[in-house]
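Dear colleague,

I am handing over the structure below, and after it I have written down what was found in it. Please keep the structure open while you read, and look up each place as it comes.

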Amino acid sequence: MNRDQIDQSNAGRTAAHQRDLDALGERLARGGVDLDAVVERVRRFEVAIPSWALGTGGTRFGRFPGPGEPRDVYEKLQDVAVIHRLTGAAPRVSLHIPWDEPDDPERLRQHAEGLGLAFDAVNSNTFQDQPAQARSYKFGSFSHTDVAVREQAVEHHHRVVQVGETLGSRAISVWLADGSNYPGQMHLRRSFDRVLACLEQVYAALPPDWLLFTEHKPYEPAFYATVVQDWGSSYLLAQALGERARCLVDLGHHLPNTNIELVVARLIGAGKLGGFHFNDAKYGDDDLTAGSIRPYQLFLVFNELVDAEHDQVPGLQPAHMIDQSHNLKDPMEALLQTVDQLQGAYARALLVDRAALDAYQESNDVLMAEMTLQRAFQADVAALVAEARRRQGGALDPIGAFRESGYRARMARERVAAAYAPPQSL
Ligand code: PSV
Ligand code: MN
């Protein structure tokens, strides 16, 4: 994917785009909104691509790989570079270790740099056993009753941080599968204390400019009690660890009907919002494309972020990361669609008339307060987002340009389907 291909793809779309943009600009100006200022903020929006989302995911029933999928971490970076070129908004990769552990981290860092990419948070994995591993995580890692298992898990985290340092990462995301399937199996208080004690060791050994993110999840694989099951437990851990420990909100990690924007607001208020794993869900941790099932919820989450920015809440710089599993869509197309959805939700949140909303809230004008949000949510921001991408050197229509480029077909020829099977995403 080169400059010419993007320019060519944009050329045929420019005239119609300009007309749409002018119409939107005129409509926004009537409401006192400067289109250009909003475009500039959307232009600066960035999100990290997870190394585990470039290959087809799967369910426990099967996986249906597509042609031309990446076979190693270098090919994954090649795909991310294409996504970044098309969107101008995906300059970082979040690596899962050991799934995508590089043989030579320095070489991978240089390779990424050559592609215009860098590394976001590194992810640890103590939810699976690895081939040469001495002890099993079957009954937990940080919460395990056997101190030797806990030590092994802590050691793994030290290694992940070490790899991340070479890559230039500045954070580690810790999601633990630890939990129990049956009442009585696990001591509910002691298991939490053991997790905290292990995290304290990881936190104490972090480089001084690093953050530690704790990620909660209510169930799966543990079906009775997960140790870090909700934002309350995550907050307790982050609070006990210290200033550089924050909570990570994966949008798919909540029980049905949880008000996720309220969770986000609480964490912002407590100074503990570390970042996001963006995705969407209908039932559980479905890892679907962001905005595909509950677009209003995604908008309301961004509304909390923009509102906090507007109030200049100190120290708020949440990491934007995607965590999805693409079982049916071409993973690259699904990621292009996701970046667009996130930019769209952000753009709509920027259109909220905050002064009016404040006034309606103060005067208890329920209907107008709600309508102020809905007006922004219902705005057609496609041209605005396309313009932000164009100014970043990206494509007006990333999926159109991707299909026209024939990239996937070329990869299908070049990446001969060796026996490579990416790890099944959880
Ligand atoms: C767990 O379901 C999770 O959300 C964690 O972030 C893991 O790192 C990721 O999925 C693995 O697919
Ligand atoms: Mn996640």
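**Helix α9 and its surroundings**

The buried residues of α9 pack against α8 (231–241), β9 (245–250), β10 (273–278) and α10 (295–310). Helices (H or I, at least four residues) and strands (E, at least two) are DSSP runs, and they are numbered from the N terminus. A residue is called buried if 20 or more other C-beta atoms lie within 10 Å of its own, exposed if 12 or fewer do, and partly exposed in between, with the C-beta atoms placed from the backbone. Two residues are in contact if their C-beta atoms, again placed from the backbone, lie within 7 Å.

Please keep in mind that this is a predicted model, in which local features need pLDDT of at least 70 and side-chain atom pairs count only at pLDDT 80 or more, while totals for chains, interfaces and linings use all residues. Residues are numbered from 1 along each chain as its sequence is written, and chains are lettered from A and ligands numbered from 1 in the order in which they are written.

Which residues of helix α9 (residues 260–269) are buried? They are Ile-260, Val-263, Val-264 and Leu-267. These residues cover an arc of only 100° around the axis, which puts them on the same side of α9; the arc is that of the directions from the helix axis to the C-beta atoms. As background, an α-helix has 3.6 residues a turn, so residues three or four places apart point the same way. Just after α9, Gly-271 takes a positive phi of about 70°, and in the loop between β9 and α9 there is Asn-257, which has a positive phi of about 75° although it is not a glycine. Asn-257 counts as exposed, because 6 other C-beta atoms lie within 10 Å.

**The chain as a whole**

The chain contains 16 helices and 11 strands, and along its principal axes the C-alpha trace spans about 65 × 60 × 40 Å. Its radius of gyration is 22 Å, which agrees with the value near 22 Å that a compact globule of 426 residues would have; this radius is taken over C-alpha atoms, and the globule rule is 2.2 Å times the number of residues to the power 0.38. Buried residues make up 46% of the 426 residues. Among contacts with a separation of 6 or more, 79% are between residues 24 or more positions apart.

If neighbours within four places in sequence are left aside, Ala-349 is in contact with Phe-299, Phe-302, Asn-303, Leu-305, Val-306 and Ala-376.

How do other helices meet α11? The axes of α3 (residues 35–43) and α11 come within 10 Å and cross at roughly 145°, where axes are lines fitted to C-alpha atoms, for helices over the stretch in contact, and angles run from 0 to 180 degrees between N-to-C directions. In this place Val-38, Arg-41 and Val-42 of α3 meet Gln-343, Tyr-346, Ala-347 and Leu-350 of α11. The axes of α4 and α11 also come within 10 Å, and they cross at roughly 35°. That contact is made by Asp-79, Val-82, Ile-83, Leu-86 and Thr-87 of α4 and by Met-332, Leu-335, Leu-336 and Val-339 of α11.

**Loops and single residues**

The peptide bond from Ile-97 to Pro-98 is cis, with omega near 15°, and Pro-98 sits in the loop between β2 (92–94) and α5 (105–114). The bond from Glu-220 to Pro-221 is cis as well, with omega near 10°, and Pro-221 belongs to the loop between β7 (211–215) and β8 (225–226).

Is Phe-64 buried or exposed? Phe-64 counts as exposed, because it has 10 C-beta neighbours inside 10 Å. Phe-64 and Asn-327 are 263 residues apart in sequence and 7.1 Å apart in space, C-alpha to C-alpha.
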